[in-house]
Amino acid sequence: MVSPAVLMLFVWMIVPLAMTVYFSTQYYNLLYPGKTSFVGLENFAYFFTYPSFLTSVVNTLLLVGSVLAITVVFGVLISVLVDAPFRGQGIVRMLLISPFFIMPTVSALVWKNLLMNPVSGFFAWLSISLGMTPVNWFSDWPLLSIILIVAWEWLPFAVLIFITALQSMNQEQKEAAQMDGANALAVFRYLTLPHLARPIAVVVMVESIFLLNIFAEIFTTTSGGPGDATTNLPFLIFTQALLEFDVGAASAGGLVAVVLANVVAYFLIRLIGKSLTEA
Amino acid sequence: QTFLTIGTVNNGDMVRMQLLAKEYEAKHPDVRLNWVVLDENTLRQRLTTDITTNGGQFDVITIGAYEAPMWGRQNWLTELKNLPASYGVDDLMPNVRKQLSVDGRLYAVPFYSEGSITYYRTDLFAAKQLTMPEEPTWEQIRGFAEKLHDPSRGIYGICLRGKAGWGENMALVTTMVNAFGGRWFDERWEPEIDSPEWHKAVNFYVDMLSKFGPPGPSSNGFNENLALFNAGKCGMWVDASVAGAFVTDRTQSQVPDKAGFAKAPRQVTAKGSSWLWTWALAIPASSRKQEAALDFILWATSQEYGGLVAQRYGISAMPPGTRLSTYANQAYLEATPFAKVTQEAILTADPTSPSIKPVPYVGVQFATIPEFQAVASLVGRQISGALAGNTQVDKILHTSQGAVRRTMKRAGYYDPK
Amino acid sequence: MATLDIRSLTKSFGDTRVIKGVDLRVEDHEFCVFLGPSGCGKSTLLRLIAGLEDATTGEILLDGKPITDLPPARRNLAMVFQSYALYPHMTVRQNMSFALDLAKVEPSVIEEKVQRTARILELEPLLDRKPAALSGGQRQRVAIGRAIVREPRIFLFDEPLSNLDASLRAQMRLEIARLHQEFKATMIYVTHDQVEAMTLANKVVLFNGGNIEQQGSPQELYHRPVNRFVAAFLGTPQMAFLEATQQGNALVLASGQSIPAPASLPAGQPGRRVTIGVRPEQLSLAPASQGTLEGRIDVIERLGSDAYVYLNVPNLGRLTVRGPGDLAATQGAAAGVQLQPNGFHVFDADGVAIYHPQPA
Amino acid sequence: MATLDIRSLTKSFGDTRVIKGVDLRVEDHEFCVFLGPSGCGKSTLLRLIAGLEDATTGEILLDGKPITDLPPARRNLAMVFQSYALYPHMTVRQNMSFALDLAKVEPSVIEEKVQRTARILELEPLLDRKPAALSGGQRQRVAIGRAIVREPRIFLFDEPLSNLDASLRAQMRLEIARLHQEFKATMIYVTHDQVEAMTLANKVVLFNGGNIEQQGSPQELYHRPVNRFVAAFLGTPQMAFLEATQQGNALVLASGQSIPAPASLPAGQPGRRVTIGVRPEQLSLAPASQGTLEGRIDVIERLGSDAYVYLNVPNLGRLTVRGPGDLAATQGAAAGVQLQPNGFHVFDADGVAIYHPQPA
Amino acid sequence: MSKQKQRRRTLETLRAVASWLVALIIFFPILWMMLTSFKTELGAFSMPPEFLFTPTLENYREIMERSDYMHFAWNSLLTSGGSTILGMLVAVPAAYGFAFHPSLRTRGTLMWMLSTKMLPGVGVLVPIYLIARNLGLLDSRILLIVIFALINLPIMVWMIYTYFRDIPRDILEAARMDGATTFQEIRRVLLPVSRGGLASTALLALILSWNEAFWSLNLTTTNAAPLSALVASFASPEGLFWAKLSAVSTLACAPILVLGWGSQKQLVRGLTFGAVK
Ligand SMILES: Nc1ncnc2c1ncn2[C@@H]1O[C@H](COP(=O)(O)OP(=O)(O)OP(=O)(O)O)[C@@H](O)[C@H]1O
Ligand SMILES: Nc1ncnc2c1ncn2[C@@H]1O[C@H](COP(=O)(O)OP(=O)(O)OP(=O)(O)O)[C@@H](O)[C@H]1O
Ligand SMILES: [Mg+2]
Ligand SMILES: [Mg+2]
């Protein structure tokens, strides 16, 4: 028995997708209202041969991969660090998870203007105080800058989940390991990390969903540049949809993005096993 | 009660209008104004989506010189005719009016206009015993920049737009290309990005800005440069004339008395070396409150409104560049050191003849065709990439040429059909 | 392998004193069982020995050397936890070799030790499984194997069988007894199951509220409990306690009957209050009005081999009598209970034992 | 309150047959215990009766009316789950009144019933607590209370005591027995603990692999098991099985000794293989070389009241002998075992019982 | 006392200090934003940065003057709250179906749902805009509520599904034995029992909706515009703007930040996605 709600959900989800599929076969440019016509797969061909297409796919994967790596690694380290009780633990956790509540646009604006600005940003001041030349974040390390911002936004999510997971860790296992002669590092390596395998899988899965769709941060800071340095797939689609107003090509791009997402998901699921839907 | 939804850009002048519109509401108690204030790019996307899909969300929109004629031609805008005599249509600057019309039919009324001019720091020039000519060339600018550049003291020789965007770096780059004798398209719509003029201009731009510009110029747009100049970090700055009001404003500038003004630099020609941009108010054809909307936009662009601004914020805050009468006003000219340069820039920028070579398009720093936004954004991103040092200028111009041609082709420019 | 001395050990959690000054010696090769009701501090003492908790005051010596301040890793003791605490992501083999791996023992040596232990515990076919794929009893054996492999100086067990069902528990009990004989290891074993304590221990240490009530061989505790608490704690069904007063040579029960006092019972002042303790097997059923005591049968539990008869004796309370499995008795009927002369314990008013029946 | 008839009931999960055609009648007021090893289908049968699983074939009748297709809500049976399955977000009171609430019973009536049940189960002081704030035994009682309040036609229990520790288990066992007497309710009780089965049941149904092996009173199953499986399943320590051949009037054991065959043992063809089954209490220890059988003492378990001696008899296997708690015996020593004449069971080659000792 | 204890205490202190340090670094951008919002525009841009300054409320005053903050905040509240409720209404029954009546396709369907979440919003803007226009729903809160709910549904269904899956079936069966209908079983037992999980799911949905910027910007003008649209109106105007931008950002994020801080414990306990037993 599949409940009617599942069916409703299904319909609900399929409508936008179906419309996208439909539009992807049309020449449909908002600026030329009269010229709409069926063009088959031309939109896909156009999208694929877009000069930035390959770069954007690479950037998308780089962005997703690096942010995942940063958030998982630092998320694990930080959550292990703050796991044991200490004075002010509650406040520390509160501070740690705060970035999660900040709008992406706001984070991007704050990082771009207040922190990473090479002339009057806080980082520039730090570098100068330390006797170094300020880094030109968005021109010299554009993708890295985006990665940093996005990682900062998503780190709290990873920390949240890992803290939750650590709370459920079996204390007696740790003690058993201590009696077996394990020091803190060995406990971390042989007990904590394996215990976090599933939460890590979850973080990877959930974050991938969102990271594949990163747009606001790029739009607000670099607008995909300089060059194609920070153009990812959603941003490329954005240029189609809202600069060229080419709905057909944008729809095609959207479908390509879904396919790419599924490819990524396929590998993720291969990587992290069945732990997501099975007990 | 009539509710007017007004889409507008978050510029200083527009924000001022938003505040002053309380007076309008007081005078028209049956009209309520709802403001949608967005930054330029977002606003443009928002308005385009709405107007092209006939969404009917806006009664008054703020559009630029780029959209006005295109949208007017598509009949997405209401033609503004039979304006009352008191409005003084003929008082509008001719070049500005030309920008907002299609075949003589006016589709939007100008709120303010700007040309591009050269800002410089008189104190720094004096210190180095330099003098800025009235009509500098880019070559001269480069020379000054080299002398003024002193990063250790936080002074950068020249600030220019580097942030990608057809309304950002491409506005400046296009005027430079124009000055170097180039153009976007030849008469048969073949792109000329790969031409020697483009190569010279862009190489010059990238070289100068990388050497004597602030750090990370590829992410600086108008705002960032303005901030830099106001913080006293730029020796020179070539940008929109509206900034004159800001750099001389004591509440936000650290160098209000040290700013000098000159024409935008020329090179092989002066033609098209200064841009012309107008923010204008228009009424979408889909609005169901045409009359109220018309009344409002006429008020907001009237001489009376100018007077109101002068009275509230000082005379130099009057919306620049739209009315001849403003520049006939001695008080304004005296209070506003950059008025004359602005006026000249606007008077000389002829959108129908932006280059020494003939062109098939209208517009100084842009072409009023729907594809321009796309192709210029694309080229802009490539150039900012070159500025960031990622790629070679010559290579990206070649790539851009192909990409632009591809887009033009898809849009049917070379098709017999 | 080792002797353990505990001297005036105390442990407080915050303000609550959990171990209230324990002195104890565990001999080499001894199987020492900590027994006691829930919450009496058995686990805490074991964890103090293991080094998982810090002692508040007092000393712990292993073979005469103080280890009170050593971290657990350096005490060379092995512990089998109640929850087994197997490493869930490691195979049985890895679980067992973990400590040796950490100690950087030669792989070949490790392999050999693991194999030998697995053989002893019949874990060989399971070596490559993960704990999740094992039954309760198998996990139990892995936990023990993990301890054995290390050849520790003392084995510590914290209720290792309490998560198993009855029949597995019986089986594993025998297994542990066998291991003790085989390895001649010193073992400390926490439980609150007296069957385990009785069958496994050389020495039982019975705790109550952070103190040792009595220590000694299981038989000693069963047959010569030093006080009511110990007497009541050991034996199922429980010993019955009958209030009485000592009047010269007789003990007068609260229900009025009088029975001869055992000859060796200390006299005390006349009329002093005592408690008589009788275990079910020290009583037998008699026809109505022919027993020492008369009561009514409440419940009969027939276990096949035995039957327990629960009687209510007016003014005295409940008594339990053990009989053969096919005992003839009817629920609700009146019945007599036969009390053997001298076949009972006597406690004074403070609950201290003053007389035990002499072994036959 | 009700009788239950089960007719040729089967249940398959996918391709695996779990209940293989069960016929059973549970009488009114009967306390029926389902006993059997793990995985034999006890819980499944109980859930079929409850309506939580759909039968594959066969019929279930309650007071003669078919209920096979009724949803659980309409069968009016109450179930006590092994995990108690209390509603964690409701207080004890709400847990107990939930079913009546759903049935839209008058609040005053509900209140009265809950109060009465709480009194019986001594839950009154706990009525406003949530399950999380209760001990295991208390939760258990709430789960039972929830069933009682509904006054169901049959009570179903699925191993209700298996999560309790030994002493609590004993106590709750008595409690359930008392409840059964008090309410005279029909109860079906699943367990794999034979002590529970023996002490509680009027009727024990012993399952094995989805089939009923034997049903009858606990005494009947203990004393007259129909086959080896039943004989081995009941009684701890287990009955010992000795291989033998029947030679005329004698049974010749695999170890060579010969003992007289009981007179009533069916003759069968000469030399047929039989198995002799003896329970620990049917054996006694004798001095070495003076018993029926001779062996070596392996392990002695002293439980205080009793002692179990495990012996190894060459060529025969292991035997268990029960003796008094203070039995004199030494581990490792040779000892004789006394087998009483006719005091044993005999099974044929198929394991079917062909002789039981006669009650004295 | 002993050396061991002393060492442990030192380590604990070090650890606490490190934790605080990391937390402050992570929190710094937000702190800096809040500080900047109380500076003058010139002060916000000055180099070296002003660490000690006279705070001014000028930025806040100007924002209040230019826009009706309460109106935007109210819209944010209504749309994110409404979408959370709507989402829960759809997600709970769906998750119930997945968790308690699983079929072979359950896992595939769940995965497919998650993957639709990867369709970039910009790709479907125009179709959605057209639908909304035809339904007359442009610039309405209803539209945003529906869209937000739609966006968050896959995650919500998945989260609730994992909670439901971990609920002991016995409890539901007990309710069934007690005579509960399916609806009663859900409402009176399942929902209260999984309250914690549902609360964290709702919180997450609320946070995500509150922070959503693309659709709220593109589908609203004034009536339904939430706080993210307000932020957009202060993003990158001409002239100096960092202080005002910081102020408006602080205003936009403060409510959800406070809510998030208040529900920290719930989040820490509840965000398991079934990864924790
Ligand atoms: N970490 C702790 N903090 C505070 N009190 C504790 C701690 N550990 C144990 N206690 C308390 O110390 C007392 C003894 O606990 P312990 O675990 O040693 O009992 P136990 O004899 O093992 O009981 P059980 O048979 O139930 O395992 C209990 O009252 C317990 O509540
Ligand atoms: N839902 C199910 N799907 C498939 N197989 C099942 C299901 N429920 C039970 N089984 C199988 O049916 C058999 C009988 O299970 P059941 O739970 O009835 O055993 P049991 O006698 O209650 O055992 P235990 O004493 O361990 O509780 C087992 O082999 C079990 O694996
Ligand atoms: Mg304990
Ligand atoms: Mg079962």
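**Figure 1. Contacts between chains in the predicted model.** The structure shown is a predicted model. Two pairs of chains stay apart: chain B and chain C do not touch, their nearest C-alpha atoms being 47 Å apart, and chain A and chain D do not touch either, with 15 Å between their nearest C-alpha atoms. Over all chains, the count of salt bridges comes to 75.

**Figure 2. The interface between chain E and chain A.** Chain E contributes 90 residues to this contact and chain A contributes 96 residues. About 8400 Å² is buried between the two chains, and carbon and sulfur atoms give 79% of that area. The count of salt bridges between chain E and chain A is zero, while eight residue pairs are in polar contact. Helix H1 (residues 3-36) of chain E supplies the largest share of the side of chain E that touches chain A, namely 16 residues. By class, that side of chain E comprises 69 nonpolar, 15 polar and six charged residues.

**Figure 3. The interface between chain A and chain B.** Here 37 residues from chain A meet 37 residues from chain B. The buried area is about 3100 Å², with 54% given by carbon and sulfur atoms. On the side of chain A, the residues that lose the most area to chain B are Leu31(A), Val119(A) and Leu243(A), which together account for 19% of what that side buries. Nine residue pairs are in polar contact across this interface. Helix H2 (42-48), helix H7 (137-140) and helix H13 (233-243) of chain A each provide at least two residues of the side that touches chain B. The largest share, four residues, comes from H13(A). This side of chain A is made up of 19 nonpolar, eleven polar and seven charged residues.

**Figure 4. Salt bridges between chain A and chain B.** Four salt bridges are counted between these chains. In one of them, the side chains of Arg381(B) and Asp228(A) meet at 3.2 Å, N to O. Asp246(A) also forms a salt bridge with Arg410(B), and the closest N and O atoms of this pair are 2.9 Å apart. The pair crosses between chains: Asp246(A) lies in the loop between H13 and helix H14 (247-272) of chain A, and Arg410(B) lies in helix H17 (residues 393-410) of chain B. Both Asp246(A) and Arg410(B) are buried.

Figure 5. Asn218(E) belongs to helix H11 (residues 214-218) of chain E. Asn218(E) counts as buried because its relative accessible area is 7%, and the cut-off for a buried residue is under 20%. Leaving aside neighbours within four places in sequence, Asn218(E) is in contact with Arg46(B), Leu125(E) and Tyr129(E).

**Figure 6. The two domains of chain C.** The domain assignment divides chain C into domain 1 (4-225) and domain 2 (232-355). The centres of the two domains, taken over C-alpha atoms, are separated by 38 Å. Eleven residues from domain 1 and eight residues from domain 2 take part in the contact. About 850 Å² is buried between the domains, of which carbon and sulfur atoms give 65%. Gln194(C), Tyr222(C) and Pro225(C) supply 63% of the area that domain 1 buries against domain 2, more than any other three residues. Between the domains there are zero salt bridges and four residue pairs in polar contact. Helix H6 (194-200) and helix H7 (218-223) of chain C are the elements that give two or more residues to the side of domain 1 that touches domain 2. H7(C) gives the largest share of that side, three residues.

Figure 7. Arg93(C) forms a salt bridge with Asp128(C), the closest N and O atoms lying 3.4 Å apart. Arg93(C) is in helix H2 (residues 92-102) and Asp128(C) is in the loop between helix H3 (107-120) and helix H4 (136-149) of chain C, so the pair ties together parts that are 35 residues apart in sequence. Arg93(C) is partly exposed, at 23% relative accessibility, whereas Asp128(C) is exposed, at 57%. In a second pair, the side chains of Arg322(D) and Asp306(C) meet in a salt bridge of 2.3 Å, N to O. This pair crosses from strand S18 (residues 317-324) of chain D to strand S17 (residues 306-313) of chain C. Arg322(D) and Asp306(C) are both buried. In chain B, salt bridges that share partners join Glu135(B), Lys263(B), Arg266(B), Lys340(B) and Glu344(B) into one network.

Definitions and conventions:
Residues are numbered from 1 along each chain as its sequence is written. Chains are lettered from A and ligands numbered from 1 in the order in which they are written. This is a predicted model: local features need pLDDT of at least 70, side-chain atom pairs count only at pLDDT 80 or more; totals for chains, interfaces and linings use all residues. Side-chain values use heavy atoms; hydrogens and water are left out. Contact means heavy atoms within 4.5 Å. Buried area is the accessible area (1.4 Å probe) that two parts lose on being put together, summed over both. A polar contact is a pair of N or O atoms within 3.5 Å; within protein, one must be able to donate a hydrogen and the other to accept it, and residues adjacent in sequence count only if both atoms are side-chain atoms. Ala, Val, Leu, Ile, Met, Phe, Trp, Tyr, Cys and Pro count as nonpolar, Asp, Glu, Lys and Arg as charged, and the others, Gly among them, as polar. Domain bounds come from an automatic or database domain assignment. Buried means under 20% relative accessible area, exposed over 50%, partly exposed in between (1.4 Å probe, protein chains only).
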